[in-house]
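Dear colleague,

Please find below the structure I am handing over to you, followed by an account of what was found in it. I would be grateful if you could read the two side by side.

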Amino acid sequence: MKAPSNIPRRDFLKGSGMLIVGISAAAAAGPLAAGLPRQSAAGATVGPYPDPNFRQLAAWIVIHENNTATFYVGKTDCGQGTGTAFRQMMSDELDIAYDKTSCVMGSTDVTVDQGGSGGSDAIQTDGWPMRRVAAEARRVLLEMASTKFAVPVAELAVSDALVTVTSDPSKKVTYGELIGGKRFNVTLTGNNVDATTGTAKVKAVQDLRIVGQSPQRYDIPAKVNGSLKWAVDVKLPGMVHARNVKPPVAGATLVSIDESAVRNLPGFIKVVSKGNYVAVVCEREEQAIAASRQLKVQWQKPAASPFPTSDDLYAYMRSATPTSKQGPTVKGDPDAALAGATTVVESEYDMPFQGHTAFAPAHALADPSNGQMTVYSNDMKSYGMRNGIAQFLGMPREQVRVVWMEGPQGYGRTAADDAGFEAAYLAREIGRPVRVQWMRHEETAWDTKGPAFTFKMRGGLDAQGRVVALDYNAQAADYCHVGYNEADTVLIAQLMGRRRATPAAGSAGTPSDMYEIPNKRTASQVVSLPLVWETPIRTGNLRDPNGPQITFAAESFIDELAAAAKADPVEFRMRLLTGATTDDSGFKRARSIAVVKAAAEAYGWDPRPSPKKIDNGTILSGRGIGYSYRGQTVVAEIAEVEVNRRTGHVWVKRLVCAHDCGLVINPEALRRTIECGMLHSLSRALHEEVRFDGEKPTGVDWITHPSLRHTDTPARIDVVLVNGDPNPKRPDLPHYGAGETICKPLIAAVANAIFDATGVRLRRVPFRDARVLEALKAARV
Amino acid sequence: MSRITLKVNGTAHTVDVEPLTPLLYVLRNDLGLQGPRFGCGLGQCGACAVIINGVATRSCVTPCSNVRSEITTLEGLASNGTLHPVQQAWIDEQVPQCGFCQNGQIITAKVLLDKTPNPTDAQIREGMAGALCRCMTYYRVQAAVKRAAVTIKAGGAA
């Protein structure tokens, strides 16, 4: 920002709304004004823990005397390298080398509340205030240099945290020298944290130098040499270990506990129970595990079956009375169009419950020292956990803090939420730091699930093979969808009987595409399983909560229509995308067309209808495409499969993704996120299903609940980062959320490829060998 | 409780624990090591892998009193401050997402390459099959194994 030369600086600063002049922008009072925690003489934080004030620059950025910077952001990194991306964006705006910066994330006492992770919003939403505050810090530092050298800001140059007087390069000062070890004392504005801003403007896209580069992720070296301290690694003096004892079947009620079998075990401290929540606390971890196995607990099974079996699930869902309905949304006259269509295609699709199934079971360590409660957790929404635990324990928020640390993959509402509450409750009961961790069988069985879906779709083609009507209906088993860190829905609260009167309605949803279809109806319903609370079959957000399910059905069905029209699947989609020219402000139609084209080109797509001619070989190969968007991020994905007609085994040999998320911050990190996101959906396509009998999940480990393995890995993955923006040089090219969209089209792309290879349409996920073989045999392939 | 002596990464330690305590908890909670981690407690995922007698051993199902030989953990792979070529390949390929499983991936890869210095793609896929990853970093893991094999063959410290 340039200070207009004809206005006295003092007046200019007043006019800009900033009540600071020159060097007073740095003041010793900064940390307190920013709400940073008080520290004891020994340097340890003792609480209470007021909220860092997002309207204070000092809460976001600290410039150190050695001319390095630390960024404090209220996000967490689930392993996609967002911390590296934040550093790139903020370094670029601040004009400091990436290597001179570091990033602190997600601990409620030292970083402003940006909500933690979720919704792929880190770059898209939270990146903006980060860029603006960094730009503001640069502006303020230039003002300080202007005062120091008594020259207008316009006559200063800044590069890599060094400010020089343009006319006399011998006059130079570093950011670190300017601020002299103090903190910023600069007030920012904004009605909420997302709107936080100073008066400086962010740079135009063309002026960004670090954004768009691929510095290596700073977190990786410590993850490969064993030095990183994870949430599972925190050790505190006097800490003890807890393990839960969960009801053996869903909806069971506690009758009695016989402690005699554990009372004399080495290290035994206490059995804690309230309602149907039971935990055992011991001095050592292996002691707590042994005690939780040996404790004798008598449970009463519920009178009614809590849910159908997983084999009966879809029939149950189709006959259930909906708990809520969305839509219908109607365009044109779909019934008349279907009645008049030359060809009508009808299909039903099923998606099972699928788990997050975190690689390490849920865990947390809670410390009740000093009358405060500190929770060490990998929960991706640390701020929500702090609020929820304060409410759950009846403590003032200021006495609770959550220190976020790295952990196993999150990808949504996992049981990490539940473990944090359990650790805090147990720590208060015991009066010592308590570490709790779920066992593998608990995690696999009781973690929150992505909802199961059934779909019914109808489509009509005219004599020329054009789509004249589409009728979409979805049902999701999503009633009582569990939110994040809510004191009346976390599992310990449910088991203790502290539950809200009205369960969350849940949602089903409709496809995300830019297809132009003249007559269209979309409607969806939510249905409930018989048991609503205290059930392991509970739903919570899983990596684009409903997108993979919906897109499996929607993009499989588009393929069915293409096959009925004897059209090439890519050309068929292109006709639907180019059927209108209207676009939205983000050019989503143009960008959809661009990614479908880019994916086909990268794959080397040979236009022809599916299925291909089936030969006599054991291995049948084929290719399939899927496309979707989430917000403004659009993707097209192509899978090439080999299907073994003797075993039913499907190997996805090659994957292609064309991806457009607007401005890319770190291309190499994004490529890896895309590769892994596609493989996560591939695991859901080929393996993952929450299986249950009439009273409990039957998948409890990696054998009974399989996941993708090295042997499933494609031989080749191509990622094309498309910038489909019609004007890529525009100065405000936004950065959209890159992650979750990746997961949407992949399952359909695999199903479409299997159809191309075999002529057999798989309409129920997952495509395990036995199911595929059965379908091949039924079709006499 | 009984006193058990374990040699880990070149140093002998004596701990006082129940003899059947899984090695994992002794390494983590008594010796302060962070490389091996709890993932399943069933020997199915590889998170807890350590190297004993050249074998990638699941420490979560190995009673500590059964261990007679030296244990090498992730922390012990580097020598004289230089990362093992497998670890360096992991950085060069930027393999991890969350990274929680990578102990199992790296230990399994190290043992695989010790036994099979020039693995085929099929040998990598089969050899690594027991190391699970829920972020699904498999594609880059396999690339990193190939990269490490090249480095080791070219004379990088193994």
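In this predicted model, the side chains of Arg763(A) and Glu560(A) form a salt bridge, with 2.9 Å from N to O. The two residues are 203 positions apart and belong to distant parts of the chain. Arg763(A) is in the loop between helix 19 (746-758) and helix 20 (769-778) of chain A, while Glu560(A) belongs to helix 15 (residues 547-564) of chain A.

A second salt bridge is found in chain B, where the side chains of Glu93(B) and Arg147(B) meet at 3.1 Å, N to O. Glu93(B) is buried, with 11% relative accessible area, and Arg147(B) is partly exposed, at 36%. Both residues also belong to a network of salt bridges that links Glu675(A), Asp92(B), Glu93(B), Arg140(B) and Arg147(B). Over all chains, the count of salt bridges comes to 65.

Some of the pairs join the two chains. Arg28(B) forms a salt bridge with Asp233(A), and their closest N and O atoms are 2.6 Å apart. Because Arg28(B) lies in helix 1 (residues 23-30) of chain B and Asp233(A) in the loop between helix 6 and strand 9 (240-244) of chain A, the pair joins two chains. Arg28(B) and Asp233(A) are both buried. Glu688(A) likewise forms a salt bridge with Arg134(B), where the closest N and O atoms are 2.7 Å apart. Between chain A and chain B there are 4 salt bridges in the count.

I turn next to the interface as a whole. Contacts involve 63 residues of chain A and 53 residues of chain B. About 5,000 Å² is buried between the two chains, and carbon and sulfur atoms give 56% of this area. On the side of chain A, the residues that lose the most area to chain B are Val224(A), Phe359(A) and His710(A), which together make up 18% of what that side buries.

Across the interface of chain A and chain B, 32 residue pairs are in polar contact. Helix 6 (220-224), helix 8 (285-294), helix 18 (667-686) and strand 28 (716-721) of chain A each contribute at least two residues to the side that touches chain B. The largest share, 7 residues, is supplied by helix 18 of chain A. By residue type, the side of chain A that touches chain B is made up of 25 nonpolar, 20 polar and 18 charged residues.

Finally, there is the matter of the cysteines. How many disulfides are there over all chains? The count is 0. In chain B, the sulfur of Cys40(B) is 3.8 Å from its closest cysteine sulfur, that of Cys45(B), which is too far for a bond. The sulfur of Cys98(B) is 3.7 Å from the closest cysteine sulfur, in Cys135(B), and this too is too far for a bond. Cys40(B) is buried, with a relative accessible area of 3%, and Cys98(B) is buried at 4%.

With kind regards

Definitions and conventions: Residues numbered from 1 in each chain as written. Chains lettered and ligands numbered in written order. Predicted model: local features only at pLDDT ≥ 70, side-chain atom pairs only at ≥ 80, totals over all residues. Heavy atoms only, no water. Contact = heavy atoms within 4.5 Å. Buried area = accessible area lost by both parts, 1.4 Å probe. Polar contact = N/O pair within 3.5 Å; in protein donor to acceptor, adjacent residues only side chain to side chain. Helix = DSSP H or I, 4+ residues; strand = E, 2+ residues; numbered from the N terminus. Nonpolar A, V, L, I, M, F, W, Y, C, P; charged D, E, K, R; others polar. Disulfide = S-S within 2.5 Å. Buried < 20%, exposed > 50% of the residue type's maximum accessible area, 1.4 Å probe, protein only.
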